[in-house]
Amino acid sequence: MSGYDKNIRFVSLSSGSSGNCFLISYNGTNILIDVGIPYKKIEECLRNFGLRFDDINAIFLTHSHIDHIRAIKQCAKINKIDIYGLKDTLQYIINTYDITEDYEDLFHIIYGSEVITLDNGFDVEPISSYHDVPSVCYQITVGDINLAIVTDLGCFTKKMLSRFNKLDILVIEANYNDDMLDESTKYPEMLKRRIRGGDGHLSNKECAEFIKEVYSDRLKKVFLAHLSIETNTPSLAQTEVINNLNLLLDKHNGEIPDINVLDRFEITEIYKGEN
Ligand SMILES: [Zn+2]
Ligand SMILES: [Zn+2]
């Protein structure tokens, strides 16, 4: 990881089925990926980094589920922040939150294959994924760092995997443990099928398989994200992913990337360039 730009900051403000939000800052440009927690909570988190909503240049949305868009109405109406998302995602927001024509200029349609370059050489690349509503993951290049945020997907294909460059940092969903999902009495069978299905979420084992597919010597940090509170625990996710990845890569602990779990509610500093 040599040559990292000094002004990069990559932070998880929240991760899980109760809300997802990431902040990426680079050379004075600040973006949020998803705004799935309350507006006030995001405001409070931003304050930790000396930022306000007015400092946010753009919001990129993965999909229209509430745990990814909870604060979007205020971000549009109060702060008039540019919002990027798939056509279906934006249409859902405009219909649901009664966004009038006055605000429609803020909404920018993205496609699952088009790189968006912001000021300061900040490249954001949506990659179509597989979920029960139209969804994308994001690959982001800031300076010479490649990072990806991959959550809310039931499966992955060769075509999807071929879109990822050699990553330095990967945030990847580890939603559930197979046995805990089987044994859950809270979830009806239909919901269990949805979670397991190709349009649902990744299990801990599938998460390890995804990491194996994008693995290179360059990948140093992996953060497990979007854990279910019902059917996973942070320690189980970490152990299961590490054990499976060791097997898949035929390596031992210490030879695979650092694998940590993002906190559900607390801020996790994923990467910060040295000053
Ligand atoms: Zn979600
Ligand atoms: Zn979702």
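Of the 275 residues in the protein, 45% are buried, a residue being buried if 20 or more other C-beta atoms, placed from the backbone, lie within 10 Å of its own. This is a predicted model, in which local features need pLDDT of at least 70 and side-chain atom pairs count only at pLDDT 80 or more, while totals for chains, interfaces and linings use all residues. Residues are numbered from 1 along each chain as its sequence is written, and chains are lettered from A and ligands numbered from 1 in the order in which they are written.

The secondary structure comprises 9 helices and 14 strands, where helices (H or I, at least four residues) and strands (E, at least two) are DSSP runs numbered from the N terminus. The radius of gyration, taken over C-alpha atoms, is 18 Å, close to the 19 Å from the globule rule (2.2 Å times the number of residues to the power 0.38) for 275 residues, so the protein is as compact as a globular protein of that length. Along the principal axes, the C-alpha atoms fill a box of roughly 55 × 50 × 35 Å.

Helices α8 and α9 pack with their axes, lines fitted to C-alpha atoms over the stretch in contact, 8 Å apart and at an angle of about 45 degrees. The residues that meet, with C-beta atoms placed from the backbone within 7 Å, are tabulated here.

| Helix | Span | Residues in the contact |
|---|---|---|
| α8 | residues 204-214 | N204, K205, C207, A208, E209, I211, K212 |
| α9 | residues 234-249 | A237, E240, V241, N244, L245, L248, L249 |

Key:
Axes fitted to C-alpha atoms, helices over the stretch in contact; angles between N-to-C directions. Contact = placed C-beta atoms within 7 Å. Buried ≥ 20, exposed ≤ 12 C-beta atoms within 10 Å, placed from the backbone.
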